[in-house]
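Welcome, and please open your viewer. We will go from stop to stop, selecting a few residues each time.

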Amino acid sequence: MAPSIPTGSIIFVKSPDFSQIENGDIVTFRHSSTPGPGEISLTTHRVIDIRERNGTYSFKTKGDANEDPDPGYIPEESLEGVNMFSIPYIGFAMAWMKTFEGYLTMILIPTTLLVVNQLKEIFSETGIAEKIEAEKLFPAVTLAAVIAVVTTALLAVRYMNLNAPPVSY
């Protein structure tokens, strides 16, 4: 839908009231064929024509960057919603988070920060913090905590990968 909605945007839709949809509205609909079991393929295009027969609506759509309209009409049952607003480029970050590297990063960074913060708190309450700082051992203690978190996360991911069915993105 570029340039109206840039590639990689997240689109927020509302449930459609078919009688209220007009030419020029942007709608999201399911494809007639899906990529695989349990997967839904969605497309967001602009309405360019509307047909109404016996109270049932169908919509002709076209992507803004496409020269030709989509083949056929989209039945109202395939319509997921009408565009309310979109947030550009956030979809790229969400797609990255589904990768192995993104998943690890989203787990490791917060977990590491939490562990290091808790260690600081424990060490300061027990008086060990002053001893660690005096002997300049804090970087080594922090590194040990990071290694422990990374190792645990890698083992957890390996375990999940061994016991989970394959997933395609």
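**Before you start**

This is a predicted model, in which local features need pLDDT of at least 70 and side-chain atom pairs count only at pLDDT 80 or more, while totals for chains, interfaces and linings use all residues. Residues are numbered from 1 along each chain as its sequence is written, and side-chain values use heavy atoms, with hydrogens and water left out.

**Stop 1: the whole chain**

Show the chain as a cartoon and colour it from the N terminus on: the elements run β-β-β-β-β-β-α-α-α-α. That makes 4 helices and 6 strands; helices (H or I, at least four residues) and strands (E, at least two) are DSSP runs, numbered from the N terminus. Of the 169 residues, 25% count as buried. Here buried means under 20% relative accessible area, exposed over 50%, and partly exposed in between (1.4 Å probe, protein chains only).

**Stop 2: strand 6 and its partners**

Select strand 6, residues 79–87, together with strand 1, residues 10–14: the two run antiparallel and are joined by 5 bridges. Two strands pair if DSSP finds at least two bridges between them. Look for Phe12, which stands opposite Phe85 of strand 6.

**Stop 3: two salt bridges**

How many salt bridges does the structure hold? There are 2, each being a side-chain nitrogen of Lys or Arg within 4 Å of a carboxyl oxygen of Asp or Glu.

Select Glu80 and Arg30, whose closest N and O atoms are 2.2 Å apart in a salt bridge. This pair links distant parts of the chain, with Glu80 in strand 6 and Arg30 in strand 2, 50 residues apart. Both ends are partly exposed: Glu80 has a relative accessible area of 33%, and Arg30 one of 28%.

Move on to Asp64 and Arg46, where the closest N and O atoms of the salt bridge are 2.8 Å apart. Asp64 lies in the loop between strand 4 (56–62) and strand 5 (74–75) and Arg46 in strand 3 (residues 42–53), so the pair ties together parts 18 residues apart in sequence. Asp64 is partly exposed at 26% relative accessibility, as is Arg46 at 23%.

**Stop 4: Ser58**

Show its neighbours: leaving aside residues up to four places away in sequence, Ser58 touches Asp49, Ile50, Arg51, Tyr73, Ile74 and Pro75, a contact being heavy atoms within 4.5 Å.

**Stop 5: helix 2**

Finally, select residues 100–126, the 27 residues of helix 2, which reaches 38 Å from its first C-alpha to its last, close to the 39 Å expected at 1.5 Å a residue. The expected span is 1.5 Å times one less than the number of residues. At the start of the helix, a side-chain oxygen of Thr99 comes to within 3.1 Å of the backbone nitrogen of Gly102. Colour the buried residues next: Gly102, Leu104, Leu108, Thr112, Val116 and Phe123. Just after helix 2, end at Gly127, which takes a positive phi of about 85°.

Terms used. A polar contact is a pair of N or O atoms within 3.5 Å; within protein, one must be able to donate a hydrogen and the other to accept it, and residues adjacent in sequence count only if both atoms are side-chain atoms.
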